[in-house]
Amino acid sequence: MEPQLGSHELLHVFSFLEARDLLCAAQVDKVWNEVARTQELWRHLCLRRWSSCKASQMTLGTQTWKQYYLCRSELEFRMESGRPEKDFICKAIAGHKGEIDELAYISTNEYRFNGQEKSVVCTVSSDATVRAWDLHEGTQIWSSPLQPAALVNLVTYPRLQLVVTVDERGLIKVWKAEDGCEWASFSLPTYSSALEACDILEGPLLLAACAEGALYTLTVPPLQLLSRVSVFPSNRTSLLCSPDRQWVFASTQNSDLGPKVFHTLSLLCPSEDEPPVYTTLPVELTSRACWAPAEAARLTVMHRNDNGMQLVVTTYELEAKKTRNRVDILVQQIASFLLPDTMMPPQLMKSHGSQVILLVSGSELVLFTVHGLQLAAFQDHQRPITSMWVVSVVPCLPASWPWASGPASLPHLVVHFKGQTRVITSSFDLSLRVYLWSKDNKLPVLRSCYHLLGGSHRWASGFTHVESDSMSIVGVEARNIGTSILRSYYFKVQRG
């Protein structure tokens, strides 16, 4: 039958179709095929499914919006099913002669399907070297010269392609991620208790806390000192930057000293007349904290109650109120609840979206709302969980969140998830467990999908770290002889 609709009319009709239907329509005839390949149709599908997708992620001349949609959909399917050999390639990558203390991705977490994408991580080890690894090829890219002391921590700046390390004596160094060449160095007076990369509009910064309880703010890459602030004198200090890098949470564990939240910009050039802007939260004996990725300044803190007998999880929202001569920090408590007495003190805590808290207690992963309603509990691991990675893709939440009035309004909640969001745990049982959030537009439900196995228990004692990017998962596998290896799981898609 002769088609009655012109190209313009077909384009309008096709704009209401899903990807599967659009592919079917392309099989009808030449005209339908040409209209079904229209870039704007596939761009609309991409933006509707992945709200974080931007044109800057496209490489002109090598891929179209249709190719991007099909490749990313296939990648998500493979990362959801996790079938050995069919969906991913597993490789054991050795090289360090000591234990790996930290790892971080240096490759940008973007979805590219132009044949040039790769996943690259950097590691520091007790063997006093920093190294870079290609997870797809399973090879070492470069290794630094032997350093004066064991390296204990690192942070990366993917946008700048820089790696920053610190050794057990407090010596900080900047390395070029391309070839491992040393760029700059800075010595802390004592060993470092925390490093945080802070890439803001005003310029990339490094925040370093040392054992004497001082917070150092340095420029990157030259490592020039901008400020030194005494936070918790003679106390080991932990740091945690907010997702937008506008806030810095500083705490010292199990102390009567309340945790502090600094306004990042005030750390750039403080003076006696204008000291850094901060506030002290009204809690004591802090043990854990995390920022909500879906909110600009929502902070959840785990601490002891007034008598020090029970663990409490309290969520705050912060706001910087600027006046002509000063900046004040306003703190509002959003929610608070007691953890069950039967629950072991959690060793890990992360947030998902703006209202869900993930806690790791021993070998159990437990989900609560910020108001204390338990959503789920998983006991998939046979031994204690050592690390948890929550992929930073955030759900698209309604402007008016109905949980504000408490758990009673939960049945009416609708959350729109776009794209695939994952939670990955590592354990001493020598496995990584992969979880996915449900996409059924109801309550945010985490479901257990599959596990990734490490090597033999004869040689390995378990996984100690896990991280992930858009195309890979990597874990640090500790060996029984006092060394560590990387075990990568690289997910591939067919192009064309």
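In this talk, two residues are said to be in contact when heavy atoms of theirs lie within 4.5 Å. Please keep in mind throughout that the structure before you is a predicted model.

With that definition, let us turn to Ser-251, which is found in strand β15, residues 247-251. Leaving aside neighbours within four places in sequence, Ser-251 is in contact with Phe-232, Arg-236, Thr-237, Ser-238, Pro-259 and Thr-286. Is Ser-251 buried or exposed? Its relative accessible area is 9%, and because buried means under 20%, Ser-251 counts as buried.

Ile-334 lies in strand β21, which covers residues 327-338. Here the relative accessible area is 27%, so Ile-334 is described as partly exposed. Not counting residues up to four places away in sequence, Ile-334 touches Arg-298, Thr-315, Tyr-316, Glu-317 and His-371. Consider Glu-317 in that list: it stands 17 residues from Ile-334 along the chain, and the C-alpha atoms of the two are separated by 6.7 Å.

How many of the residues of β27 are buried? The count is 6 of the 6, so the strand is largely enclosed by the rest of the structure.

Which strands are joined to β27? One is β26, residues 385-390, which runs antiparallel to β27 and is joined to it by 5 bridges. Within this pairing, Trp-389 has Ile-424 as its bridge partner. Another is β28, residues 431-437, also antiparallel to β27 and linked by 5 bridges. There, Thr-425 is partnered with Arg-433. The hairpin of β27 and β28 has 3 residues between the strands, and in this hairpin Leu-430 takes a positive phi near 65°.

Next, an open sheet. Its 4 strands follow the order β10-β11-β12-β13, with antiparallel pairing. Why is one side of β10 and of β13 left without a neighbour in the sheet? Strands β10 (192-200) and β13 (225-230) stand at the edges, and each has a single partner strand, so one side of each has no neighbour there. From one strand to the next, the twist averages 15°. Looking at one pair in detail, β10 and β11 (residues 203-210) are antiparallel over 8 bridges, and Ser-192 stands opposite Cys-210 in β11.

The model has helices as well. The axes of α4, residues 39-49, and α5, residues 65-81, come within 8 Å and cross at roughly 35°. On the α4 side, the contact is made by Gln-39, Trp-42, Arg-43, Leu-45, Cys-46 and Arg-49. From α5 come Trp-65, Lys-66, Tyr-68, Tyr-69, Leu-70, Ser-73 and Glu-76. By class, this contact holds 7 nonpolar, 2 polar and 4 charged residues.

Finally, I come to empty space. Rolling a probe the size of a water molecule over the atoms shows where such space is left. The second largest pocket has a volume of about 370 Å³. It is lined by 19 residues, and the closest to its centre are Ser-107, Thr-108, Gln-116, Lys-118 and Val-120. The lining divides into 7 nonpolar, 6 polar and 6 charged residues.

Conventions. Residues are numbered from 1 along each chain as its sequence is written. This is a predicted model: local features need pLDDT of at least 70, side-chain atom pairs count only at pLDDT 80 or more; totals for chains, interfaces and linings use all residues. Side-chain values use heavy atoms; hydrogens and water are left out. Two strands pair if DSSP finds at least two bridges between them. Helices (H or I, at least four residues) and strands (E, at least two) are DSSP runs, numbered from the N terminus. Axes are lines fitted to C-alpha atoms, for helices over the stretch in contact, and angles run from 0 to 180 degrees between N-to-C directions. Ala, Val, Leu, Ile, Met, Phe, Trp, Tyr, Cys and Pro count as nonpolar, Asp, Glu, Lys and Arg as charged, and the others, Gly among them, as polar. On a 1 Å grid over the protein atoms alone, a cavity is a set of points where a 1.4 Å probe fits but cannot get out, and a pocket is an open set with protein on both sides within 12 Å along at least five of seven lines; lining residues have an atom within 4 Å of a point. Grid points are joined across faces, edges and corners, and a volume is the space filled by probe spheres set on the points. Buried means under 20% relative accessible area, exposed over 50%, partly exposed in between (1.4 Å probe, protein chains only).
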